[in-house]
Amino acid sequence: MHLRRLREDRGLTLEELASRSGMSFRGVVYIEHGRRNPSLTTLLNLARGLQTEPSVLLGVFDSCDRSGESD
């Protein structure tokens, strides 16, 4: 859902993101729907297609419980 939200916020269709990322349409769909886990290279390509930093794609993990972390 995070990837879909980022894509939609930028006004991109699945086809446009796939083209900008150098990926197949189906590959983007599978990642958006959680059917595939993207590799690091794929994350970099998606970030390029979204014209954002790769860390933004990983931002979904910022809300995870970090109670076990030390300061």
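Student: Is Glu32 buried or exposed?

Tutor: Glu32 is buried, at 8% relative accessibility. Buried means under 20% relative accessible area, exposed over 50%, partly exposed in between (1.4 Å probe, protein chains only). Keep in mind that this is a predicted model: local features need pLDDT of at least 70, side-chain atom pairs count only at pLDDT 80 or more, and totals for chains, interfaces and linings use all residues. Residues are numbered from 1 along each chain as its sequence is written, and side-chain values use heavy atoms, with hydrogens and water left out.

Student: Which side chain does Glu32 meet in a salt bridge?

Tutor: That of Arg7, at 2.5 Å, N to O. A salt bridge here is a side-chain nitrogen of Lys or Arg within 4 Å of a carboxyl oxygen of Asp or Glu. The pair links distant parts of the chain, with Glu32 in helix 3 (residues 25–32) and Arg7 in helix 1, 25 residues apart. Helices are DSSP runs (H or I, at least four residues), numbered from the N terminus.

Student: And Arg7, buried or exposed?

Tutor: Arg7 is buried, with a relative accessible area of 7%.

Student: How many salt bridges does the structure hold?

Tutor: There are 2. Glu8 and Arg4 also meet in one, at 3.0 Å, N to O. Both lie in helix 1 (residues 2–9), 4 residues apart, about one turn of the helix. Glu8 is partly exposed at 42%, and Arg4 is partly exposed at 37%.

Student: New topic: what happens just after helix 1?

Tutor: Gly11 takes a positive phi of about 70° there.

Conventions
Helices (H or I, at least four residues) and strands (E, at least two) are DSSP runs, numbered from the N terminus.
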